[in-house]
Amino acid sequence: MLNQIRGLHHVTSMSRDGDANNHFFTDTLGLRRVKKTVNFDEPSVYHLYYGDEAGMPGSVMTYFPFPHIIRGRPGTGEVGETVFSVPEGSLSFWKERFAEKGVGGVISEEAFGESRLRFTAVDGDSFALVEAKGDARAPWTGGAVAGDEAIRGFAGASLRLGDSGATEELLKFMGYEHADTSKGIKRFVIPGGNGADIIDLQTLPNMPRGDLGAGSVHHIAFAVDDREAQKAVRQALLDTGYQVTPVIDRDYFYAIYFRTPGGVLFEIATNEPGFDKDEDTAHLGEALKLPSQHEHLRAWLETHLPEIKD
């Protein structure tokens, strides 16, 4: 069993409109845009990162906004819902705020003994806020949500699967423990994790596989401290029979990827070097930052990338 994984690092999804996406996460949810860069494989498309003040692992939601992408079809083999942590007693604030902002799909419910508020983002992607007990992480309060109700980071995420058996074994191998079951959903938790340490498994054998598009999660990333920890995790996964990519430098972290038995794309990402590698913390996400291999395209990109209103 692995002991290097700390919980979630980030979640990366697909969107259609970068400006609308930016407005939703910075204005409606009050997160900070901590990086404005481009897709490594398609530099004509943004890669936008939102999180807490410094973009700490376990707080960062990221998006690829492809302007002409079709809407994704929800199904199995993907992340079903991404869950943010908010303080106890704050859901009434968020319910009122969502009503004012016209947020869709808002549902109040109880799950695993916690109060939560489910909602959808601009592309129909599924989220929830959960009142997490004892979450001491500091929120970003320099933006649109400046009070005590601000989002602390992720609590975790749920995976929709046709069959959960092999994924359960994988999570246990990654250091997760089965903590509870509620309404057929199995909860796994990393003991002593980074706060973003819950994975829920929902088994839906009669649901078709999801089709990737706007509103779909592309991959879910798990955090390790550094490259040495990542190397050990990679070797252990290879020894277990998983097909794992070589280490890829993503500028702000190092990444490896593998496809899980249930079809979800997992990433293992390092906590180092962080989003302040090329920007002072006070100015994160303000300037367009480009991977070195795309720097020669800067003049063209600065005039052709869609406008994002700050």
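**Figure 1. Tyr-176 and Phe-222 are both buried.** Buried is under 20% relative accessible area, exposed is over 50%, and partly exposed lies in between (1.4 Å probe, protein chains only). This is a predicted model: local features need pLDDT of at least 70, side-chain atom pairs count only at pLDDT 80 or more, and totals for chains, interfaces and linings use all residues. Residues are numbered from 1 along each chain as its sequence is written, and side-chain values use heavy atoms, with hydrogens and water left out. Phe-222 and Phe-266 form a tilted aromatic pair, 4.7 Å centre to centre with 50° between the planes. Rings of Phe, Tyr and Trp (its six-membered ring) pair if their centres lie within 6.5 Å; planes under 30 degrees apart count as stacked, over 60 as edge-to-face and the rest as tilted. This pair links distant parts of the chain, with Phe-222 in strand E13 and Phe-266 in strand E16 (residues 265–273), 44 residues apart. Helices (H or I, at least four residues) and strands (E, at least two) are DSSP runs, numbered from the N terminus. Phe-266 is buried too, like Phe-222.

**Figure 2. The structure holds 18 aromatic pairs.** Tyr-176 and Phe-222 make an edge-to-face pair, at 6.1 Å between centres and 85° between planes. Tyr-176 lies in the loop between helix H3 (165–173) and strand E10 (177–182), and Phe-222 in strand E13 (residues 217–224), so the pair ties together parts that are 46 residues apart in sequence. Elsewhere, ring pairs join a cluster whose members include Phe-24, Tyr-50, Trp-94, Phe-98 and Phe-154.

**Figure 3. Two arginines lie over ring faces.** Arg-187 sits over the face of Phe-112, 3.9 Å from the ring centre. Arg-227 sits over the face of Tyr-254, at 4.0 Å from the ring centre. The criterion is NZ of Lys or CZ of Arg within 6 Å of the ring centre and within 35 degrees of the ring normal.

**Figure 4. Helix H2 (residues 91–101) has the buried residues Leu-91, Trp-94, Arg-97 and Phe-98.** Seen down the axis of H2, its buried residues fall within an arc of 120°, so they line one face of the helix. The arc is that of the directions from the helix axis to the C-beta atoms. The face turned away from the buried side carries the exposed Ser-92, Glu-96, Ala-99 and Glu-100. The cover over the buried residues of H2 includes helix H1 (18–28) and strands E5 (78–86) and E6 (104–111). Contact here means heavy atoms within 4.5 Å. Just after H2, Gly-102 takes a positive phi of about 70°.

**Figure 5. Lys-35 forms a salt bridge with Glu-279.** A salt bridge is a side-chain nitrogen of Lys or Arg within 4 Å of a carboxyl oxygen of Asp or Glu. The closest N and O atoms of Lys-35 and Glu-279 are 2.7 Å apart. Lys-35 is in strand E2 (residues 32–38) and Glu-279 in the loop between E16 and helix H5 (298–304), 244 residues apart. Both residues are buried. The count of salt bridges comes to 17.

Figure 6. Lys-172 is partly exposed at 35% relative accessibility, and Glu-169 is partly exposed at 49%. In another salt bridge, Arg-298 meets Glu-295 at 2.5 Å, N to O. Glu-81, Glu-109, Arg-116 and Arg-118 are linked in a salt-bridge network.
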